[in-house]
Amino acid sequence: MNSHYRVVVIGGGVVGASVLYHLAKLGWTDVCLIERSVLTAGSSWHAAGGIHALNADPNIAGLQAYTIDLLSEIEAESGQNIGLHMTGGLTMAGTPDRWEWLQSAYRTFQSIGIEDCRLVTTEEAVALNPIMSGEGLLGGMWADREGYIDTTGTVHAYAGAAKKRGAEVIEHNRVLELNQTLEGWEVVTEKGTVSCEHVVNAAGLWAKQVGRMAGIELPVSPLNHHYLISDTIPQLEELDFEVPMTVDLEGFTYLRQDQKGVLLGIYEINHQHWMMDGAPWEYGFELQQEDPDRIEHELTLGFNRYPCLQEVGVKTWVNGAFTFSPDGNPLVGPVRGKRGYWSACAVMAGFLQGGGVGKSLAEWMIHGTPEADVYGMDIARYGVWAENKQYIKETTGQFYTRRFVMTYPNEQLPAGRVLKTPGAYADMTAAGCQWGQSWDLEVPLYFAEAGFEETPSLKRPNAFPIVAGECHAVRNGVGLLDISGFSRFEVTGPGARKWLDRIMASKLPGPGRARLAPMLAEDGRLKGDLTVFNWGPGMDGQTTWWIMGSYYLRAWHMRWFDDHMDECVHVRDLGEDTAGFSLSGPKSRAVIEKLTDAAVGDLAFMGCDSFDIGLLRCKVGRLSVTGELGYEIHCRTGDHATLRRILLEAGADQGIREVGFNALLSLRLEKSFGIWNAEFTQGYTPGMTGMDRWIDWDKNFTGKAAALAERNGNGPARRLVTLEIAADDADASGYEPVWAGKDKVGFVTSGGFGHTIGKSLAMALVDVAHCAEGTDLSVHVVGVEKNAKVIAPSPYDPAGRAMRT
Ligand SMILES: Cc1cc2nc3c(=O)[nH]c(=O)nc-3n(C[C@H](O)[C@H](O)[C@H](O)COP(=O)(O)OP(=O)(O)OC[C@H]3O[C@@H](n4cnc5c(N)ncnc54)[C@H](O)[C@@H]3O)c2cc1C
C-alpha cells in the first residue's frame, strides 16, 4: 500500500471492483481498492447472479444493457471465468392490466434501443420454459440478453482487469476513519494512513457507517432476501437446454437453472429490514436463518408456478441482506459539501447495474459529468429530509414489497408521507384537494368532491373530467394554484451579476424583469430550464436576484451552484422560507387588483416587483405556464394560508376555482411548453429542445463552446416537435416510440390530453427528416399503435396573445 493515491475506493464488492476497473480503463491508474476482508465479503458472494436488461427507468435500463455487454469483455480482459449463462429471460404477466403494461413496456424498450426482446404468448413461454405452468398467465416478454453469472468470479474479473491496467487491490484492511484535508481525504486504515484526492464509498452493507465517517447520513438500508436452491429436478435432466431466467411478476418470484436444479428467489411481501445502521464490522460470510413461514404465500405461488418443485427437496436456503434506497435506485455521485467524496451505494442489483454505475461514476470523476443522464441514480435527488430513519424504513420497505407489484402512473403510494405540507394544507384538504408528492412536499393534483377516489389506471383515469373542468376554469375565468412546489434561490452579493451572467446562457433580465434562462454544463448539454428574476436594488443598493426552477431539483441545483461558485456571491435556497400561489386566467388581473392599490395591473408580461397584497408583503411575477394572463405571487411560508384565503375571497365574484398540477400539465402541453425530466434533461442539448432560442450568443457563458459547435455544425439529429395523436381512451406519457412506417424515428418526451382543444397531444424528439409540420407518423400508446401528425407548436393560442394581454 502506498502512502498516496489519486483515488481510494472503499469496498471490494461488485460495485467497488467495477468503479476501480472503470477508473483504470479511463486512464486513472493511481487508484486502489481497500477491502475490510476479502473481495466479495458483503452482499456480493451470496447474490443469485441474475442479469436482466429490463428496468422501468429507461436510463437505468440502458446502463443495465451496458453492464451485460461488458461482462464478456471483463472475462476476456482478466482471464477470470465468470460463469456466464446467457439463457435468455422471460417476464410473465398474470393480470390483464399487467399484460397491457408489459406490451407498453416492450415499446418503451424499443424506444431506448433495447431491440433484442419480443412479446410471447403463454404457450410460447411454456415451450421456452417447460417446467413453468401457464396457469393464469396472459403472456410475457422474452429478452435475449438475460441469464446468470457466477458472482464471485465476476467480482474477481472486474478486480483482475483493473489490476492489469495498473490499479491496486488491498484486502484484509478495514478503513477506520476518514478526515477531510485541503487536498482531499486522509484515509485511516488498519494497515496505516493513506492520503488521496478522492474517496469512493462502495461499502455496500456498511455504506451507512462509511458515510458517517465523513459526516454523511445516507438514505439507505439493508433488507433481507430469500432464495432457495432445489435438489435435482428430473425434468431438467431430460432437457438439452437450460431453462431461461423467468420472472413471474404476479407470483413475486424469479427463477433460474442451477446445475440440474433451480434457484427460486422471492420478493417478500412481509419485508424485513436488517441492521438499519449498517452491518456489524465482524459480519462476514454468514447468512440469516431462513424463515419460510414469513414467505409461505409467495412460496406457495412459486411451487404452483413450477410444479416440479413440489416433487423435490430444497438443497440450500439463502437468506441474505442487500441495500436499498427509498426508490430502489442506486445513490451515485459527488456529495454536496464534501469535495472529493463520492457515493457508489445502495446498488440493489449490483451484478446488472454495477457496470453502469462504475462507468458513470468514473466518467463523473474524470470528465466532470457522466455520459448518460443518470439523474435517476444521482444521490442529489434526495435532500436532508431523507436522512430520517423512519422515512428510510417506510420507503425502502415499500419499494421492496412492491418490487414486483404493478404501480400505475396515476397511483399515489403512502410511504414517507405526509411529510412536508404547504401552509394552506389543511384548508386545501378541506376543499377537496387530492395530493401528490414532489420531493418531500405535498402538492395539489386536483380538487374533487368529498369521497372521490381515483382508480389506478394505465389509461385516462376517472379524474379526467375533473381536470377538464379545472382547465376550463383557467382558460375562461381564473384558477388558483399552490406553487409552493417551485424552487426559489436567492442570489446576492457584489459578484452576483457576474456569476449569473456566466452560469446562465441567456441574457440577464433588467430590474423589475424576469427571463427564461437555460443553464448548460461545460459539454453544452442542459443543466436547468430556469427563470431568473431581477428584483432590483434593495436598501443597500445591491440587486436581489432569484433563480426559479423545479422543486425536486433543489439539492441537485444547489450542488451545481456550489461547484461553480464565484467569490462574493451568496446563494440561498428559499425552499423552506417561501411559498406562493399562481393566479391564472383572463380574470386573474381583476382578482389581484382588488387586493392592492399598487399598480400590479400595470405589470408587463415577464415583469416582477414587490407589492402589498391584502395584509401581506409579496413578490409578484407576471409569468404564465398555462398560456393565460397570470401572476405568480410569492409569500413567506407562514403567510400561505392567509394568501390563499384572501385570493379566494377576492376571486369569489369572478368564479375563481382552485386547480392542481394535473391541470397545469395539460394546459402547458397545449402551449408546447416543455418541462424538466421530460422535454429537458441533462442528456439533451439546446438545439434539440429549442432552448437555443433563449441563448445570448454574444456573451461568454458556461458550455458556450459546445453549444456553438452544435449551432455551427450539422445541427442536432433530432428536434422537439408537438404531435396530435389519434388516441381514444389513453394518452402518451413518455418514452413511447414514434414511427414513420416501419422506421423508428423518435420517442415521446411527454403527453396528455389538451382539454381546451379537445385533442390528445404529445411532445416528442423526432429525427429532423420527419419534423416538418403535417408529417404523418404513428405512436404506440399503452402498447397500441395510433396515428399521429406533427403539428405547429402551441396548438392553443399560437401567437401567445392571451398571456400578454
Ligand atoms: C439473496 C440475494 C440475492 C441477490 N440476487 C441478485 C441478483 O440476482 N442479481 C443482482 O444483480 N444482484 C443480486 N443481489 C444484490 C447484490 O448482491 C448486491 O447488489 C451487490 O452485491 C452489492 O454490491 P456492493 O459492492 O455494493 O456491496 P457489497 O457486496 O456489500 O460489498 C461491500 C464491500 O465493502 C467492504 N467494506 C465495507 N466497509 C468497509 C471498510 N470500512 N473498509 C474496507 N472495506 C469495507 C465489505 O467488506 C464488502 O466486501 C442479491 C442479494 C442477495 C442478498
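This is a predicted model: local features need pLDDT of at least 70, side-chain atom pairs count only at pLDDT 80 or more; totals for chains, interfaces and linings use all residues.
Local features are reported at pLDDT of at least 70 and side-chain atom pairs at pLDDT 80 or more, while totals for chains, interfaces and linings use all residues. Residues are numbered from 1 along each chain as its sequence is written, and side-chain values use heavy atoms, without hydrogens or water.

The ligand is surrounded by 40 residues, counted as near when one of their heavy atoms lies within 4 Å of it. The closest are Glu35, Ser44, Gly50, Val347 and Gly350. The shell comprises 23 nonpolar, 14 polar and three charged residues. Here Ala, Val, Leu, Ile, Met, Phe, Trp, Tyr, Cys and Pro count as nonpolar, Asp, Glu, Lys and Arg as charged, and the others, Gly among them, as polar. Helix 1 (14–25), strand 12 (221–230), strand 16 (314–324) and helix 9 (350–367) each supply at least two shell residues. Strand 16 gives the most, with four. Helices (H or I, at least four residues) and strands (E, at least two) are DSSP runs, numbered from the N terminus.

Polar contacts are pairs of N or O atoms within 3.5 Å; within protein, one must be able to donate a hydrogen and the other to accept it, and residues adjacent in sequence count only if both atoms are side-chain atoms. A polar side-chain atom of Ser44 lies 2.7 Å from a ligand oxygen atom. A polar backbone atom of Gly350 is also 2.7 Å from an oxygen atom of the ligand. For Leu205, a backbone N or O atom lies 3.3 Å from a ligand oxygen atom. Taken alone, the ligand exposes 1000 Å², of which the protein buries 98% (Shrake-Rupley method, 1.4 Å probe).

Strand 22 (residues 486–492) is mostly covered, with seven of its seven residues buried (under 20% relative accessible area, 1.4 Å probe, protein chains only). In a regular strand, side chains alternate between the two faces of the sheet. Phe486, Arg488, Glu490 and Thr492 point one way from strand 22, and Ser487, Phe489 and Val491 the other. Strand 22 pairs antiparallel with strand 25 (residues 543–550) over six bridges; pairing requires at least two DSSP bridges. Ser487 stands opposite Gly549 in strand 25. Four bridges join strand 22 to the antiparallel strand 26 (residues 570–573). There, Glu490 has Arg572 as its bridge partner.

Ser457 sits in the loop between strand 20 (441–447) and helix 12 (464–476). Ser457 is buried, with a relative accessible area of 17%. A polar atom of the Ser457 side chain lies 2.8 Å from the backbone nitrogen of Lys459. Ser457 also touches Tyr408, Pro409 and Asn410, not counting residues up to four places away in sequence (heavy atoms within 4.5 Å).

Technical notes:
Buried means under 20% relative accessible area, exposed over 50%, partly exposed in between (1.4 Å probe, protein chains only).
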